[in-house]
Amino acid sequence: MKTIIAYYSYSGHTKKLAVELAAKESADIQEIVEENRPDRLKAYTGGILDVMREKSWAIKPLPIAWNEYDQIILMSPVWAGNPPPPVRAFIDTLPSGKTVSVTMVAASGKAGCREKMEALINGKGSSMKEFKVVKA
Ligand SMILES: Cc1cc2nc3c(=O)[nH]c(=O)nc-3n(C[C@H](O)[C@H](O)[C@H](O)COP(=O)(O)O)c2cc1C
């Protein structure tokens, strides 16, 4: 079974966990990168507003050969209890028929967005297999 870990990371915590997991599981890894990276002030102001408005941010094209993968692990920081806008954009690129395991990384160790993530993934015709939240 071939796995790809796709992750977004603003300040590096999720990246570290994703890189460690990819090495442990011998999985492929792909970073989700926004086209316009906000500075910290913008992330905490406009970023949070966009989370609340359920907006996506444009991301750089992803060179993922989806049909090579049986399993997708999506790793994301929590922004205002939710997925950050680039992660919404990533989910929008998902093909149908995939199984996605989600790990959210939060300073608090909490994220109240399980149902939202599941609905977004289901909306693409894929399914969420697992949802967990880890403390950064
Ligand atoms: C804009 C913004 C909003 C955040 N909102 C939350 C939050 O609601 N709850 C939480 O536990 N952590 C929150 N955090 C903290 C991050 O989720 C946490 O530091 C995470 O580990 C960052 O991952 P990263 O370093 O991969 O970007 C927020 C961080 C940012 C930048």
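Which strands does helix 1 lie across, and at what angle does helix 1 run to strand 3? Helix 1 lies across strand 1, strand 2, strand 3, strand 4 and strand 5, and runs at about 155° to strand 3. Axes here are lines fitted to C-alpha atoms, for helices over the stretch in contact, with angles from 0 to 180 degrees between N-to-C directions.

## Basis of the model

The model is predicted, and local features need pLDDT of at least 70, side-chain atom pairs count only at pLDDT 80 or more, and totals for chains, interfaces and linings use all residues. Residues are numbered from 1 along each chain as its sequence is written, and side-chain values use heavy atoms, with hydrogens and water left out.

Helices (H or I, at least four residues) and strands (E, at least two) are DSSP runs, numbered from the N terminus.

Five strands form an open sheet in the order 2-1-3-4-5, with parallel pairing; two strands pair if DSSP finds at least two bridges between them. The edges are taken by strand 2 and strand 5 (127-135), each with a single partner strand, so one side of each is left without a neighbour in the sheet. On average, neighbouring strands of this sheet are turned by 20° against each other, direction ignored.

Strand 1 is joined to strand 3 by five bridges, and the two run parallel; Thr3 has Gln71 in strand 3 as its bridge partner. Strand 1 is also joined to strand 2, again in parallel, by four bridges, with Ile4 opposite Asp28 in strand 2. Strand 4 and strand 5 pair in the parallel sense over eight bridges, and Thr103 has Lys132 in strand 5 as its bridge partner.

## Strand 1

Is strand 1 enclosed or exposed? Five of the five residues of strand 1 are buried, so strand 1 is largely enclosed by the rest of the structure. Buried means under 20% relative accessible area, exposed over 50% and partly exposed in between (1.4 Å probe, protein chains only).

## Helix 1

Helix 1 covers residues 13-25, and at 1.5 Å a residue its 13 residues should span 18 Å; the end C-alpha atoms are 18 Å apart, which agrees. The expected span is 1.5 Å times one less than the number of residues.

Thr14, Ala18 and Ala22 are buried in helix 1. These residues cover an arc of only 65° around the axis, which puts them on the same side of helix 1; the arc is that of the directions from the helix axis to the C-beta atoms. The face turned away from this buried side carries the exposed residues Lys16, Ala23 and Lys24. The buried residues of helix 1 pack against strand 1 (3-7), strand 2 (28-31), strand 3 (71-77) and strand 4 (99-106), where contact means heavy atoms within 4.5 Å. Just after helix 1, Ser26 takes a positive phi of about 50°.

Val87 is found in helix 3 (residues 85-92). At 0% relative accessibility, Val87 counts as buried. Apart from neighbours within four places in sequence, Val87 is in contact with Tyr8, Leu74, Ser76 and Met117. The C-alpha atoms of Val87 and Ser126 are separated by 15 Å, and these residues are 39 residues apart along the chain.

Helix 4 (residues 114-122) lies across strand 3, strand 4 and strand 5, and runs at about 145° to strand 5.

## Aromatic pairs

A pair of aromatic rings is described by the distance of the centres and the angle of the planes. Rings of Phe, Tyr and Trp (its six-membered ring) pair if their centres lie within 6.5 Å; planes under 30 degrees apart count as stacked, over 60 as edge-to-face and the rest as tilted. By this rule the count comes to four aromatic pairs. Tyr10 and Trp79 form an edge-to-face pair, 5.9 Å centre to centre with 80° between the planes. This pair links distant parts of the chain, with Tyr10 in the loop between strand 1 and helix 1 and Trp79 in the loop between strand 3 and helix 3, 69 residues apart. Tyr10 counts as buried at 17% relative accessibility, and Trp79 is buried with a relative accessible area of 11%.

Trp57 and Trp79 also form an edge-to-face pair, 5.8 Å centre to centre with 70° between the planes. Trp57 lies in the loop between helix 2 (40-52) and strand 3, 22 residues apart from Trp79. Both Trp57 and Trp79 are buried. Ring pairs link Tyr8, Tyr10, Trp57 and Trp79 into a cluster.
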